[in-house]
Amino acid sequence: MSSAESSVSGDPELRRSPDPDSAEWLRTLTGTGQERDQAIERLHELLLRVARAEVRRRGAGLRVSGPELDDLAYQAAADAVMSIIRKIGEFRAESRFTTWAYKFVIFEVSGKLGRHFWRRPDARLDLEDWSRLPERFGSGPEHHAEWRDLIAALRRAVDEELTPHQRRVFVALVLNGVPLDALVARLGSNRNALYKTLFDARRKLEARLAGYVTHRT
Amino acid sequence: MNGFSRLERFLRTDPRDVGCGEAMEILHVYVELVAAGEDPEARYPGVAAHLRACGPCEEDFAGLLAAARLIGPE
Ligand SMILES: [Zn+2]
């Protein structure tokens, strides 16, 4: 993957003094007494609106009940407020304060939905059922015969090219359709590490199968 | 597009792809560029490449953009 476009502390070129609204958030949230308490409460209300809008936006595909989603949104907002208070010194005014703060609650929603995935009765981690590959790439049953050779070639490539960890991640994410954040929660890893593992697996498999797919179609 | 070409597209990696860590780190800046109608890809080509390939980061991007647009600054 490519080299750094930004450091961990964001993009130094963009660092500047905050706009008046952001400065007010910073002043009150790092202040004391009642003013600080009120700012934290306002932040929580704002993040709760964002969290509720976000779970609604993700809506249909979630298979999570309404009350559970509302609970999840509430927890996401509360946890995001805690992280923001802890990390407020890292805000570099590269964006409005609110956009930076919303990012925390969006990530919390993603992480909590990832953990929630394992409550599904059909959630599988290690089952290696290659017959599911066609449907995972949107091919109906009428095309499954055409996939036989490709599946055999891909399985061979997986056997010969991937490390055990790459294979496990590939099987979970690709064959079993486990969402990345769900695998992160299950393996106690992080998104970046698992994406990199899958990235390396994809690169190896693509090299092995180069031309195979195009040649067949 | 058929299933074969979807699989082929999935396996194809973009060397500019910066991965989740960097994309998540800069996402608030990236979102404001988009909201302002600017071209974020010109400034962060590796993040743009990542968002094309990574479903969860793309989802977070869409959610953050929606939040920045709907709820905006106070
Ligand atoms: Zn990502």
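Predicted model: local features only at pLDDT ≥ 70, side-chain atom pairs only at ≥ 80, totals over all residues.
View 1. Sorting the residues on the side of domain 1 of chain A that touches domain 2 of chain A gives one nonpolar, two polar and one charged.

**View 2. The two domains of chain A and what they share.** The domain assignment puts residues 9-117 of chain A in domain 1 and residues 130-208 in domain 2. Four residues of domain 1 of chain A take part in the contact, along with seven residues of domain 2 of chain A. Step back to the C-alpha centres of these two domains of chain A, and they sit 33 Å apart.

**View 3. Buried area between the domains of chain A.** Domain 1 of chain A and domain 2 of chain A bury about 400 Å² between them, and carbon and sulfur atoms give 75% of that. On the domain 1 side of chain A, the trio to look at is A:Ser110, A:Gly114 and A:Phe117: together they supply 78% of the area that domain 1 buries against domain 2, more than any other three residues.

**View 4. A:Thr99 and its chain B neighbours.** A:Thr99 is part of helix H4 of chain A, which covers residues 97-116. Leaving aside residues up to four places away in sequence, A:Thr99 touches B:His28, B:Val31, B:Glu32 and B:Leu64. Buried or exposed? A:Thr99 is buried, its relative accessible area being 0%.

Definitions and conventions:
Residues numbered from 1 in each chain as written. Chains lettered and ligands numbered in written order. Heavy atoms only, no water. Domains from an automatic or database assignment. Contact = heavy atoms within 4.5 Å. Buried area = accessible area lost by both parts, 1.4 Å probe. Nonpolar A, V, L, I, M, F, W, Y, C, P; charged D, E, K, R; others polar. Helix = DSSP H or I, 4+ residues; strand = E, 2+ residues; numbered from the N terminus. Buried < 20%, exposed > 50% of the residue type's maximum accessible area, 1.4 Å probe, protein only.
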